[in-house]
Amino acid sequence: MRMRYDLVVVGGGPGGYAAAIRASQLGLRTALVERDAVGGTCLNRGCIPTKTLLHSAHLYREMLTCQSFGLQAEGVRFDYGAMSARKDEVTGQLRSGVEGLLKGNKVELLRGSARVEEPGKVRVGEEVLESRHILIATGAVPAKPPVPGLDLPGVVTSDELLADGRLYPRLTIVGGGVIGMEFACLCSALGTEVTVIEAMDRILPTLDRELGQNLAMLLKKRGVRVHTGAVVERVERQGEALTCTFTAKGKAETAQSDAVLVATGRRPNTAGLFSPRLEDALGLDRGGIPVNLHFSTRVAGICAIGDVVKGNIQLAHVASAQGINAVSRMAGLRPPMRLEAVPACVYTDPEIACVGSTEAECKENGIPYKTGKYLMSGNGRTIIARGERGFIKVVYHAESGAVLGAQLMCERATDLIGEFTLAVAEGRTVERMAQLIRPHPTFGEGISEAAESCLGLAIHQLNR
């Protein structure tokens, strides 16, 4: 059976379903093919379930210290099974909402594994879908490095750790990036003995150095063992435990645990997606699909967005924005989303968020810059919430005063970063940011103080 469309989207994650809905809104007859659950990794195995569990863990940690707020509670405990059930409830609710939006926008949802056989033709089971345009949005899957022992039972990826619903007494995390650090905060808050092993010289190595250094100090205070500049040699099972052998600063060390979480990154999900001839024509690079600035591949009529794209920023909101731009061009319209300023968030405790350039990047690129910084220990709302060590740092052009980037580590950082994203995208100056009135008492007042510190005019901290 053959079915004809203007657009077939392969992959129902944040990029795929957003693109499909927008395409249908723009008058394109659209089909969305998904072999698993709508919402993709982000909704079902990543962002949403992880943050749901982190929220519960944060409340639990606050309840343990509620006496400092003038409250009393006895017998405070957690039920990880119930926490996992709530995680499933949240993801189910959001997934049903997405399915309803697809139906309401007249996007045809087809269940099954897609195979792109040639330009304009996608096979799903016995059906062949013919389409003027094909958009690949299949995302990425966890990747394990070639280390002996990573195939042992008990060595898991983030997908598997979320799915099995177990909380281990001891956990070794291989990889100190975003995924590893979020799980370190989650599990340590619930009493797990956590060991982190990171090959680079600091955790969160792709972010501003100060963010990783501050988070490492906080985690160590909470009992997390953090090893940086450490290379994992092998993992072995010894009785009931897994032993991870690694080299740090030229010295061999070991970490014993009940499970090992491998959080060393993700690879594009293209296995079996294309016919061999089409795979060669697309020029896949380690599974990643090369695209141009308009997300067109080397094969006419086929576009790709999100984590499946070679070298792309692997963030759900990036995939959504790219999908909307790609289908807008297909409809003959100007792409509406601005992609030059991309915020990134880490849902640790406290939260971390950043956008634009760091000091190191400005220095490397020869851009004259200055910085302003506000310590959130002087912010009223932070003191009320008993927030831990935090700050807002602004990187701005030394001559024009335009905001080049911002790095935040504080309560609600993931919400506050939006204002800095707008400033970076529009080239707003620190002076203009300082002119805005922000309500009191709020975490957002820290934005005013950080901007004023750039001008040497901060009110609630001594100016440098």
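Predicted model: local features only at pLDDT ≥ 70, side-chain atom pairs only at ≥ 80, totals over all residues.
Local features are given where pLDDT is at least 70 and side-chain atom pairs only at pLDDT 80 or more, while totals for chains, interfaces and linings use all residues. Residues are numbered from 1 along each chain as its sequence is written, and side-chain values use heavy atoms, with hydrogens and water left out.

Let us begin with the record. UniProt, in an unreviewed entry, lists "domain: FAD/NAD(P)-binding" at residues 5-323. Over residues 5-323 the chain is 34% helix and 28% strand, with the end C-alpha atoms 17 Å apart. The unreviewed entry also places "domain: Pyridine nucleotide-disulphide oxidoreductase dimerisation" at residues 342-451. For residues 342-451 the make-up is 35% helix and 28% strand, and the end C-alpha atoms lie 20 Å apart. UniProt positions are given in the numbering used here, feature names are shortened, and such annotations may be inferred rather than shown by experiment. The helices and strands themselves are DSSP runs, numbered from the N terminus (helices are H or I with at least four residues, strands are E with at least two).

Now to the helices. Two packed helices are described by the angle between their axes and the distance between the axes. Here the axes are lines fitted to C-alpha atoms, for helices over the stretch in contact, and angles run from 0 to 180 degrees between N-to-C directions.

H3 passes H4 in a right-handed crossing. A crossing is right-handed if the near helix is turned clockwise from the far one by less than a right angle, and left-handed if anticlockwise. On the H3 side, the residues that meet H4 include Ile-48, Leu-53 and Ala-57, and their partners in H4 include Met-83, Val-90 and Leu-94. The residues of this H3 and H4 contact divide into eight nonpolar, four polar and two charged. Contact means heavy atoms within 4.5 Å. By class, Ala, Val, Leu, Ile, Met, Phe, Trp, Tyr, Cys and Pro count as nonpolar, Asp, Glu, Lys and Arg as charged, and the others, Gly among them, as polar.

H3 also packs against helix H6 (residues 178-189), at an angle of about 40° and with the axes 9 Å apart. H3 and H6 are therefore oblique to each other, and their crossing is left-handed. Among the residues that meet are Leu-53, Leu-54 and Ala-57 in H3, with Phe-183, Leu-186 and Ala-189 in H6. The contact of H3 with H6 has eight nonpolar, one polar and three charged residues.

Turn next to helix H1 and its packing on H4: the axes come within 9 Å and cross at roughly 25°. H1 and H4 are therefore roughly parallel to each other, and the crossing is left-handed. Tyr-17, Ala-20 and Ile-21 in H1 meet Val-98, Leu-101 and Leu-102 in H4. This contact has six nonpolar, no polar and no charged residues.

Ser-24 is found in H1, which spans residues 14-25. At 16% relative accessibility Ser-24 counts as buried, where buried means under 20% relative accessible area, exposed over 50% and partly exposed in between (1.4 Å probe, protein chains only). Beyond its neighbours within four places in sequence, Ser-24 is in contact with Thr-30, Asn-105, Lys-106 and Val-107. Lys-106 lies in the loop between H4 and strand E3 (108-111). Lys-106 is exposed at 72% relative accessibility and has a positive phi of about 65° although it is not a glycine.

Another non-glycine with a positive phi is Phe-295, at about 70°. Phe-295 lies in the loop between H8 and E17 and is buried at 9% relative accessibility. Thr-297 is found in the loop between helix H8 (276-282) and strand E17 (302-304), and is buried at 12% relative accessible area. Setting aside neighbours within four places in sequence, the contacts of Thr-297 include Leu-282, Val-291 and Cys-303.

Finally, look for two cis peptide bonds. One joins Asp-349 and Pro-350, with omega about 5°, and Pro-350 sits in the loop between strand E18 (344-346) and strand E19 (351-356). The peptide bond from His-440 to Pro-441 is cis too, with omega near -5°; Pro-441 lies in the loop between helix H13 (430-435) and helix H14 (445-454).

Technical notes
Parallel < 35°, antiparallel > 145°, perpendicular 65-115°, else oblique.
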